[in-house]
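I wanted a record of what I looked up in this structure, in the order in which I looked. The entries follow below.

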Amino acid sequence: MPKSWTDDAPEPVALQEHAHVKDPFSYKVKRFLLGGALNRHSLGHQRLSKRYGLGILSSDCISSSAYGSEQILIALLPAFGLAAFAILMPMTAIVLVILVIITLSYRNVIDVYTKTGGAYIVSRDNFGPVVAQIAAVALMLDYIVTLAIQAAAGVAAIISTFPSAEPYKMHMIFAVIALLTYGNLRGVKEAGKAFAFPTYFFVGCMFIVFGMGLYRLANGTLPVLDTDLPGAVELGEPQGLLTFAAIFILLRAFANGGSSLTGLEAISDGVALFKAPEHVNAKRTLVIMSCLLGTLVLGVSYFAHHIYAMPYESGVPTVISQIAKAAVGTGAFGSFMFIMVQLATMLILFAGANTTYSAFPLLVNFIASDGYLPRQLTKRGHRLAFSNGILLLAGGGILLVVITAGSVEHLVAFYALGVFTGFTLAGFGMTRYFLRKKPKGWKIKVFINGLAGSISLIIVIIFSIVKFTQGAWLVLVTAPILVATFLRLRRQYTREQDALSVKTEQERATSMARHMVTIFVDSVDVATVGAVRYARSLKPHKIRAVHFVIDDRRAEDIQKAWAVSVALEDVQLELIDCPDRRIVNSALDYAIRKTEKPDVELTILLPRRSYSRFLGRLLHDQTAENIAAPISQLQRVVATIVPFDVNRITSGKPLAINHASESLAHVKTTDFQKPTQDAPKVFAPVTHYVDDVTAIGEIQWRKRSMVHGRVTSISTAPRGSAPILQVEVWDHSGGITLNFLGRREIAGLEVGMEMRAEGMVGEEDGQLVILNPSYELLI
């Protein structure tokens, strides 16, 4: 090829992206629903102040105050009657004490794990991968239940405001999960500051309710509600607290109240989201969140105790809605305030459900990266979200809603077991860490985390017993099966990795003395001719064609067609008997015989004719795939399928091409013949520095230019050759190659990032290049 302007070469041009294969219908639907694909280099998160961090990360935790006290009453009222309201306050106090202990435990977690420190990471680092899978299963189930229960409780808040919507309860729950799933598939970020609003709105509304309630309680106008209304939970007869049955009921009520502590782990999982110093801000936010949660739980229990707020069998009206209505009254402001409280409750519950769409996919990404879940869960989707994790979460949440008919009471049975399993492993994991490392103040930290782990373990045992018949049995049965499955997947990945790893004796590949190529022939046609042409390009020691004879007449026809074909006259055809018609066995036997000598390498080419998807599978077999799979397991044997698209020819349609731009759509082949360039009369000064960026499509040969674009390709010379680094940079108008001689890498340079480069424009193989430019990496 002519290489300079002195020998009438075509004028060198910038790289151009001429065409793309037409997008399939499925991709067009995805792009319509989700929007255009996002570049992975736009991935990132904004750093959060404590104010926004509290609002965004605590919605799951604080929202549980909306139903924690109600669940305690649901367990107590049928057994103790109105005495349940007296028992509610001591029960709430126990929950708050546990809240303080767990909060102190997670402060220690954040101190050590300053990026992400959930129960899975703590268990993996301190107990190993097997115990970590217990935490993984517990947290996965917890997040799935969280989605279901938050969506159901949010819909319950709507129905408490508009009772006529109750027949559509299930439809609304499904719609909420579907909308959250769709929004997160489009790339809604948890760190978006808009998600901080529901938390502060809910806390503000509840403090107004508590303030007005205390005022009305002080002047004696706070009403006491009727307890015998239709639909309310049935009141039992008061009984002693020391009987076995009563203790069992108390423990069940305590288990229900434990649901108020869910979501405490969220801040330890998101430490890296905070502004520096991350762990200090995260610890302070955790304390504030726990204080708010404790205040809200205490306030709801206190007013439920005073007004006799009764839970209902259907779940609506909720206890928190009854408290709001009693505290704010029925006047104009009271009616407005009631609507605001219900709106705030609904928003924070849905925001809490939304947090699971960030936490669950990230968790399964960690687990899959460690090899305990399918690797598909580590891949980001069309909009950079972990789409497979999002869909898995949504599917699990919908399944639980169907099983429990959207009942918050029934969902609570699945809820706190997984949460406190995570608390247990995090507490004991940190205890083990401090016993090994013994940092400053380690004794008090061991005491706090050991106490948190012990109390959480006791609670897990209590939950397992008292909630067994209400749904805990499903978790207790499912969890060991899932843990065993995760470990089995890991063993499979380990075996595959060992098989693919390069052994010491294989690090330097020895060249084979003889390379033979064999084409398996089923008929003499264009596909076979194409496979033979490809075989010649491999430059083997010998080319053969083999047909396994199943039908003698067909074999005779193939032999005659082979003999008269000019395209195949230099290739020997061998007919091999296949009396039992098991072609795979015959092919294996052939490959083994041909590679008996250790210096022979065999490549087998299998022409595969591709037909239409439906009729092709109906009318034609899949022999090529069946043969390639076992043959590929032999040493020094490579099975290569050579595809040939029959369907495109039979349809009469050429390959569908979308041109990159309007200007390229009508360009003829002859248009690409560039006019030859005359010798330039005036050269640009070699030392001249260009200040302005020029579009790559407009730069000129032998003139200095500054270009700005995105790095699409980085190519490094082999280790055994002279060092050179080639970088392709593209903008909207075209691309250019930057050649860096004497280098194999540029620190910080990655595919996809933006780069600015300046230098003299030259040419190589008819394409414009810049040799050893000055450059700037743009972050």
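**Salt bridges and other entries**

I began with Asp 522, which is partly exposed, with a relative accessible area of 43%. I note at once that the model is a predicted one. Looking for the partner of Asp 522, I found a salt bridge with Arg 554, in which the closest N and O atoms are 3.5 Å apart. Arg 554 belongs to helix α20 (residues 552–564) and Asp 522 to the loop between β2 (514–520) and α19 (526–537), so this pair ties together parts that are 32 residues apart in sequence. Arg 554 is likewise partly exposed, its relative accessible area being 38%.

I stayed with helix α20 and looked at Glu 556 and Lys 560, which both lie in it, four residues apart, or about one turn of the helix. They too form a salt bridge, with the closest N and O atoms 3.4 Å apart, and Glu 556 is partly exposed at 42% relative accessible area.

I then turned to Arg 544 and Glu 574, whose side chains meet in a salt bridge at 3.3 Å, N to O. Here Arg 544 lies in strand β3 (residues 542–549) and Glu 574 in strand β4 (residues 572–577), so the pair ties together parts that are 30 residues apart in sequence. Is Arg 544 buried or exposed? I find that it counts as buried, because its relative accessibility is 14% and the cut-off for buried is under 20%.

For the count, I recorded 10 salt bridges, and I also noted a network of them that links Arg 124, Asp 125 and Asp 370.

**Helix packing**

I next examined helix α14 (residues 332–369) and helix α15 (residues 387–404), which pack at an angle of about 115° with their axes 8 Å apart, in a crossing that is right-handed. Which residues meet there? From α14 I listed Thr 356, Tyr 357, Phe 360, Pro 361 and Val 364, and from α15 Gly 389, Ile 390, Leu 392, Leu 393 and Ala 394.

**Surface patch**

Val 29, which is in helix α1, is partly exposed at 31% relative accessible area; it can take part in the patch because patches are made of residues with over 30%.

**Single residues**

I checked two backbone angles. Tyr 308, in the loop between α12 (278–307) and α13 (319–328), has a phi near 60°, a positive value in a residue other than glycine. Arg 702, in the loop between α25 (662–665) and β8 (704–716), has a positive phi of about 65° although it is not a glycine.

Thr 595, in the loop between α21 (583–594) and β5 (600–610), counts as buried at 8% relative accessibility, and leaving aside residues up to four places away in sequence, it touches Val 600, Leu 602, Arg 636 and Val 637. Met 755, in strand β11 (residues 754–764), is buried at 1%; its C-alpha atom is separated by 5.8 Å from that of Glu 776, 21 residues apart along the chain.

**Whole chain**

Last, I noted that the protein chain has 25 helices and 13 strands and that 47% of its 779 residues count as buried.

Technical notes
Residues numbered from 1 in each chain as written. Predicted model: local features only at pLDDT ≥ 70, side-chain atom pairs only at ≥ 80, totals over all residues. Heavy atoms only, no water. Buried < 20%, exposed > 50% of the residue type's maximum accessible area, 1.4 Å probe, protein only. Axes fitted to C-alpha atoms, helices over the stretch in contact; angles between N-to-C directions. Left-handed = near helix turned anticlockwise from the far one by under 90°. Contact = heavy atoms within 4.5 Å. Salt bridge = Lys/Arg side-chain N within 4 Å of Asp/Glu carboxyl O.
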